[in-house]
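Here are my notes on this model. Please read them with the structure open.

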Amino acid sequence: MFATEPPAETRVPALDRRTLLKGGLLGASLAGAPLSAQIGAGAAGFTHGVASGEPAADGVLLWTRFVAGQDTALAFEVSRSLDFSSPEAGGTATARPENDWCAKAKAEGLSPGTWYYYRFVAPDGSISDVGRTKTLPAGATEKFRMAAFSCSNIGFGWFNAYADAAADGGFDCALHLGDYFYEYGPGTYPSNAEAEPGRVLFPAREVVSLADYRERYATYRADPDLRRLHQLFPMISGWDDHESANDSWEGGAQNHQSDSEGEWSVRKAAAMKAYREWMPVSDEPWAAYEIGDLATLFRLETRLEARAEQFSYGDILSGKTSAEEAMAALVAFREGDYRSAERQLLGMKQQAWLSDGLRRSAAAGKPWQVLVQQVLMGNLSTAPTLTEGLPGDLPDYIRQRIIAGAMASRAGLPLNMDAWDGYPAARERVFKASLEAGASLISLAGDTHNAWAFDLDHEGEKVGVEFGVQGVTSPGLESYISHIPTDWVERATVEYNRQLKWMDGSRRGYMVVELTPGSASCEYRFLSSVREKGAKVSDTKRVTTLAGSRQLTMG
């Protein structure tokens with residue numbers, strides 16, 4: 001949770017519209033239908049299209065959902081041509097009720113860096129949507145292009161970011177950095193007044209049980225723009241907190257109350273099972289993806305496996321009745337518990353795996369080591385100047401948050417204890433491992449709903465850079481501090497935070513991350529609206545880092 005929340009590339013092959021329509025392509029009638037009609041209360045057969053993920057040089061994971069009265073073996077076919085006249089791979093995947101009728105299979109024996117079409121065929125002869133996917137390159141690789149997303153709250157508006165990326169078409173894969181959906185019930189986040197008409201949420205309550213999580217995925221995956229994105233690109237994805245509950249950690253969550261919602265371990269297991277059923281992912285909590293001789297992507301798990309409970313400023317300042325007492329408590333915390341080497345974010349097993357992977361990737365001569373993960377690594381504190389001249393009509397809870405944040409900054413403490421900033425020893429372990437490996441780190445992060453560009457360093461040594469993606473629909477700082485001009489907040493925040501080189505706190509969209517042997521760039525694409533379905537990109541911002549520099553070049 002961020003403060004914005006409450007409690008030489010081959011051209012992508014063209015899609016033949018007529019052929020794909022025969023295979024079940026999303027039609028115009030579906031695109032305009034309400035979500036309840038798209039899901040279908042008694043839906044049977046292929047209900048939610050197709051998806052692919054976990055790409056490798058020789059294979060990819062394929063997904064579909066087929067509702068029937070019993071276990072059903074589905075045949076899958078993989079071909080370079082839309083007519084499937086010469087399939088290059090095939091097999092079966094079984095849709096079972098114990099997996100909510102979701103079926104997954106690994107297509108193997110494929111060629112590197114190659115676009116393929118795939119489909120599923122049921123015993124009754126019905127055919128799924130035709131999907132398109134791509135294997136990872138092997139050997140010399142001149143370019144790799146990714147579309148990165150995070151924070152997709154269906155109640156706040158339309159998934160125009162997904163639609164724009166699908167229309168672009170020129171990506172080797174998609175990345176989802178977490179908060180694929182939100183667990184809240186109607187009227188919570190967004191409030192009833194904020195909710196976009198027509199974006200109906202199922203179930204009509206907070207999701208807690210396995211059945212609840214499954215129904216929420218069914219709701220989101222019925223969205224035509226998200227369904228289309230999955231149909232066109234392999235996706236590498238990992239959960240953040242809202243796929244389970246807000247501010248989740250290994251042993252609990254801010255938005256989980258055991259007295260009324262049961263044991264956290266049961267809810268967490270349900271959330272993890274539903275995610276692995278409905279998403280084109282393996283059951284491995286973390287994984288690496290080799291991009292030829294260009295890069296290694298490390299998909300990290302930072303939320304449910306080993307994360308220690310977040311620190312709370314409310315707990316630290318509880319009972320303090322003066323500014324002097326509060327500051328003394330913050331300083332004592334900074335010098336004590338905050339720096340504890342025992343606190344984990346990745347856990348020892350994942351940290352060892354990552355350290356070894358960084359060494360192997362750098363030793364192989366790959367110019368980029370990319371962390372595909374969820375929360376910001378860059379140092380971020382509240383600019384104390386934000387307390388100057390606060391509007392008189394500013395809501396008291398916002399005023400108190402800004403004042404408390406400024407006090408924490410003066411004590412040398414960060415804004416967001418839910419990010420890597422709240423786990424400094426864990427971050428130091430990653431940075432030290434990267435430096436010892438000779439890696440050039442790129443961190444990709446979501447969670448905050450806002451766009452960020454950081455230089456990362458450790459004890460005076462450059463480590464790499466971070467690109468933080470704005471939300472698909474979830475509102476950012478512009479909604480949280482609407483009484484203060486966003487450009488003022490942005491300017492003050494960048495000036496105060498040494499590692500932060502640029503930010504945008506008011507617009508939604510997605511990132512285009514492009515890797516080449518000589519540079520890595522991020523183009524932030526901003527949509528004109530999420531309230532208007534079909535709204536287009538209205539502005540962009542591009543930042544770059546040169547190979548070996550471990551720092552940003554602002555463009």
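Which residues does Tyr220 touch, not counting residues up to four places away in sequence? The first point answers this.

1. Tyr220 touches Ser152, Asn153, Ile154, Phe159, Tyr180, Phe181, Tyr182, Leu201 and Leu226. Contact means heavy atoms within 4.5 Å.

2. A word on the basis. This is a predicted model, where local features need pLDDT of at least 70 and side-chain atom pairs count only at pLDDT 80 or more, while totals for chains, interfaces and linings use all residues. Residues are numbered from 1 along each chain as its sequence is written, and side-chain values use heavy atoms, leaving out hydrogens and water.

3. The largest nonpolar core has 49 residues. Such a core is a set of buried Ala, Val, Leu, Ile, Met, Phe, Trp, Tyr and Cys residues joined through side-chain atoms within 4.5 Å. Buried means under 20% relative accessible area (1.4 Å probe, protein chains only). Phe149, Tyr217, Tyr220 and Tyr510 have the most contacts inside this core. Elements that each supply at least two of its residues include strand E8 (144-149), helix H5 (210-221) and helix H8 (264-278). H8 gives the most, with seven residues. Helices (H or I, at least four residues) and strands (E, at least two) are DSSP runs, numbered from the N terminus.

4. A second, separate core has 42 residues. Among them are Leu380, Trp420, Phe431 and Tyr480.

5. Seven strands form an open sheet with mixed pairing, in the order E13-E14-E15-E16-E18-E17-E19. Two strands pair if DSSP finds at least two bridges between them. Strands E13 (287-291) and E19 (500-504) are the edges, each pairing on one side only. E14 (295-299) and E15 (368-372) run parallel over five bridges. Within this pair, Phe298 has Leu371 of E15 as its bridge partner.

6. Helix H11 (348-363) packs on that sheet and touches E13, E14, E15 and E16 (441-445). The direction of H11 makes about 170° with that of E14. Axes are lines fitted to C-alpha atoms, for helices over the stretch in contact, and angles run from 0 to 180 degrees between N-to-C directions.

7. Check two cis peptide bonds. One runs from Tyr189 to Pro190, with omega near 10°. The other joins Phe202 and Pro203, with omega about -10°. Pro190 lies in the loop between strand E9 (173-176) and H5, and Pro203 is also found between E9 and H5.

8. Check two positive phi values as well. Phe84, not a glycine, has phi of about 55°. Phe84 is buried, at 6% relative accessibility. Asp100 has phi near 55° and is buried at 13%.

Methods. Buried means under 20% relative accessible area, exposed over 50%, partly exposed in between (1.4 Å probe, protein chains only).
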